[in-house]
Amino acid sequence: MFGIRDEAIEEYPLPGVTRRILTYNKYLMVMEGHLAKGTVVDHAHPHTQITYVVSGEMEVTAEGEKRHLKAGDCVVAEPNVHHLVVALTDVVLIDTFNPCREDYIPERDKK
């Protein structure tokens, strides 16, 4: 499946958060995310998540460690590990999830 950004549906799952599911299969999902400055996302999920920071700066806390990430940095969140993200500036990021986050599959793609 191709990941054409202009064809991806822009969603607003939480205040300050915008996401576009770019492409996926049952094993992997790639998502573009935008976090507005000051946004806090505090969660855990059963997927391995790798986040690559395209632009901006954010603070990530996971497994008792807090790190300041900026453009070019990345982090791995292991399955079921609580992680807290604070957008220090407006942030653009690319998230990958394994397996695919079925809860993020756009309605138009559900059969």
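**Figure 1. The aromatic pair of the predicted model.** One aromatic pair is counted in this predicted structure, where rings of Phe, Tyr and Trp (its six-membered ring) pair if their centres lie within 6.5 Å, planes under 30 degrees apart being stacked, over 60 edge-to-face and the rest tilted. The ring centres of Phe97 and Tyr104 are 5.8 Å apart and the planes meet at 85°, so the arrangement is edge-to-face. Phe97 is buried at 2% relative accessibility, and Tyr104 is buried at 15%; buried denotes under 20% relative accessible area, exposed over 50%, and partly exposed the range in between (1.4 Å probe, protein chains only). Residues are numbered from 1 along each chain as its sequence is written, and side-chain values use heavy atoms, with hydrogens and water left out. Because the model is predicted, local features need pLDDT of at least 70 and side-chain atom pairs count only at pLDDT 80 or more, whereas totals for chains, interfaces and linings use all residues.

**Figure 2. Arginine charges over the faces of Tyr104 and Phe97.** Arg19 lies over the face of Tyr104, 3.8 Å from the ring centre. Arg101 is placed over the face of Phe97, at 5.4 Å from the ring centre. A charge is taken to sit over a ring if NZ of Lys or CZ of Arg is within 6 Å of the ring centre and within 35 degrees of the ring normal.

**Figure 3. A salt-bridge network of Arg5, Glu10, Arg20 and Glu32.** The structure contains 9 salt bridges, each a side-chain nitrogen of Lys or Arg within 4 Å of a carboxyl oxygen of Asp or Glu. Helices (H or I, at least four residues) and strands (E, at least two) are DSSP runs numbered from the N terminus. Glu32 also forms a salt bridge with Arg20, at 3.9 Å, N to O. That pair links distant parts of the chain, with Arg20 in strand β2 (residues 17-24) and Glu32 in strand β3, 12 residues apart. Glu32 is buried at 9% relative accessibility, as is Arg20 at 12%, whereas Arg5 is partly exposed at 34%.

**Figure 4. The salt bridge between Arg67 and Glu65.** The closest N and O atoms of the two side chains are 3.5 Å apart. Arg67 is exposed, with a relative accessible area of 52%, while Glu65 is partly exposed at 45%.

**Figure 5. The largest pocket and its lining.** The largest pocket holds about 420 Å³ of space. On a 1 Å grid over the protein atoms alone, a pocket is an open set of points with protein on both sides within 12 Å along at least five of seven lines, and lining residues have an atom within 4 Å of a point. Of its 27 lining residues, Val41, His43, Gln49, Asp95 and Tyr104 are the closest to the centre. Strand β3 gives the most to the lining, with 4 residues.

**Figure 6. Thr61 and Val85 in space.** Thr61 belongs to strand β6 (residues 57-62) and is partly exposed, with a relative accessible area of 23%. Thr61 and Val85 are 24 residues apart in sequence, and their C-alpha atoms are 6.6 Å apart.

Conventions:
On a 1 Å grid over the protein atoms alone, a cavity is a set of points where a 1.4 Å probe fits but cannot get out, and a pocket is an open set with protein on both sides within 12 Å along at least five of seven lines; lining residues have an atom within 4 Å of a point. Grid points are joined across faces, edges and corners, and a volume is the space filled by probe spheres set on the points.
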